[in-house]
Amino acid sequence: MKLLILVALFGLSLAQHNPHTKHGRTAIVHLFEWRWADIAAECERFLGPNGFGGVQISPPNEHIVINNPWRPWWQRYQPISYNLCSRSGSENELRDMITRCNNVGVNIYVDAVINHMCGAGGGEGTHSSCGSWFSAGRKDFPSVPFTHWDFNDHKCRTGSGNIENYGDANQVRDCRLVGLLDLALEKDYVRGKVAGFMNKLIDMGVAGFRVDACKHMWPGDLAAIYGRLHNLNTKWFPGGSRPFIFQEVIDLGGEPITSREYFHLGRVTEFKYGARLGTIFRKWNGEKLSYTKNWGEGWGFMPNGNALVFVDNHDNQRGHGAGGASIVTFWDARLYKMAVGYMLAHPYGVTRVMSSFRWNRHIVNGKDQNDWMGPPSHGDGSTKSVPINPDQTCGDGWVCEHRWRQIKNMVIFRNVVNGQPHSNWWDNQSNQVAFGRGNRGFIVFNNDDWDLDVTLNTGMPGGTYCDVISGQKEGNRCTGKQIHVGGDGRAHFRISNRDEDPFVAIHAESKL
């Protein structure tokens, strides 16, 4: 009997590693701080037609409102209740978005903030996104309801009530993260409230969750909550499908809490990936692109089946979280396109692309003083819509990296080569590398300070292919470079180190 229960639980957890993307779709995009109405439109006009598998959305629940002209992005990570009204829109707008995105084959993954409520100094009153009353000082959140009984202060053993030592796993999980009121997730009542919030979203049609701050929660508490979650809505997903869970655990080594403790519960964010890839593309510490022949588990990353990978995320592109200055972002557009291209071409992990907004950077002693700035907004603090320019880029402060031709075309590349092995590796023992994905795709990078001029075995069938970086295939012509592959699978590549994008990619569906 015990073995049967173990097998059932193991099956349950493995199911939570599956993103349930529709057939032929492989990449997720994080539309950070977008309004629900804009995400719905983006699913229909761009994400669906271009093969994106899903969207990670910002936390949809009621949150505090900080009244300054650029309401900080982090107010979304300070819940007041589980009511579904946020600065991205109302519950009806959220429901409409989930339905419309599902109808065009694009999944929705919710950023779930379940470790805590707002900060202890979050005040009281109705300055919240739905106008619900709360008192942070009294730990009173009547819209849930949570009272002082539902928080962990009695368990925390530090003088301040905050985490003071990340070397103490008990503190990290039982004390307040930067003053945020820490929920007592071992309590059945609290677990029930959290699971109820998540189940409402599952029933509305979401495909899963990015779970915030998992390092700060005990794996046993998370297992109990995940075990209460409903199966996905059968209107859009096969019967018996479990929600996809990917858990934020920052683990660069050197701390007692490891990402490994969460593998059985779902996928985990592999923060080493972007930190190391940034160092490689920046050529810091003598790192070379040629060293990435065994990229992935060979670099000490977590097992492929447990990893969710990204070049940057909403935290570390601002210098928060993990990776420091090595993280490549849209501010370094040339390197960024190469790094994201590398990630999307390589088979390791489930990939997430970032889609950002600009802020007024103000660097003092290496620290950005404006890293808190919220999304583009009107004078009343409401978030601006995302306007689409005639060239398909975005305006009004929205960066929309996912719409950059090079990144969008590499999302398609990943779909075309899905399931094919990493193959036909070549390098110049420096920063010029190439690799294929079976006989379905081939990519070449020149991150050296001199030109690349070489003939390589692509493993591809003979013919003329359109490079999907400098352009793409449109009808029966290429809008960018053409690559001629001989009957022997070999092709000549010439990439100047002065090219706008010093990399080339071809795939089976870019053949003329």
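Tutor: Before we start, axes here are lines fitted to C-alpha atoms, for helices over the stretch in contact. Keep in mind that this is a predicted model.

Student: Thanks! How are α8 and α9 oriented to each other: roughly parallel or roughly antiparallel?

Tutor: Helix α8 covers residues 333-345 and helix α9 covers residues 405-417, with their axes 9 Å apart. They pack at an angle of about 10°. Angles under 35 degrees count as roughly parallel, so α8 and α9 are roughly parallel.

Student: Which kinds of residues make up the contact of α8 with α9?

Tutor: On the α8 side, the residues include Y336, V340 and L344. Across from them, α9 contributes residues including I407, M410 and F413. The contact divides into two charged, two polar and nine nonpolar.

Student: Now the rings: how far apart in sequence are the parts that F32 and W73 tie together?

Tutor: F32 and W73 form an edge-to-face pair, 6.1 Å centre to centre with 65° between the planes. F32 lies in the loop between β1 and α2, and W73 in the loop between β2 and α3, so the parts tied together are apart in sequence by 41 residues.

Student: And are F32 and W73 buried or exposed?

Tutor: Buried means under 20% relative accessible area. By that cut-off, both F32 and W73 are buried.

Student: Which residue has its charged end over the ring of W359?

Tutor: W359 is buried, with a relative accessible area of 5%. The charged end over its ring sits 4.2 Å from the ring centre and belongs to R318.

Key
Residues are numbered from 1 along each chain as its sequence is written. This is a predicted model: local features need pLDDT of at least 70, side-chain atom pairs count only at pLDDT 80 or more; totals for chains, interfaces and linings use all residues. Side-chain values use heavy atoms; hydrogens and water are left out. Axes are lines fitted to C-alpha atoms, for helices over the stretch in contact, and angles run from 0 to 180 degrees between N-to-C directions. Helices (H or I, at least four residues) and strands (E, at least two) are DSSP runs, numbered from the N terminus. Angles under 35 degrees count as roughly parallel, over 145 as roughly antiparallel, 65 to 115 as roughly perpendicular and the rest as oblique. Contact means heavy atoms within 4.5 Å. Ala, Val, Leu, Ile, Met, Phe, Trp, Tyr, Cys and Pro count as nonpolar, Asp, Glu, Lys and Arg as charged, and the others, Gly among them, as polar. Rings of Phe, Tyr and Trp (its six-membered ring) pair if their centres lie within 6.5 Å; planes under 30 degrees apart count as stacked, over 60 as edge-to-face and the rest as tilted. Buried means under 20% relative accessible area, exposed over 50%, partly exposed in between (1.4 Å probe, protein chains only). A charge sits over a ring if NZ of Lys or CZ of Arg is within 6 Å of the ring centre and within 35 degrees of the ring normal.
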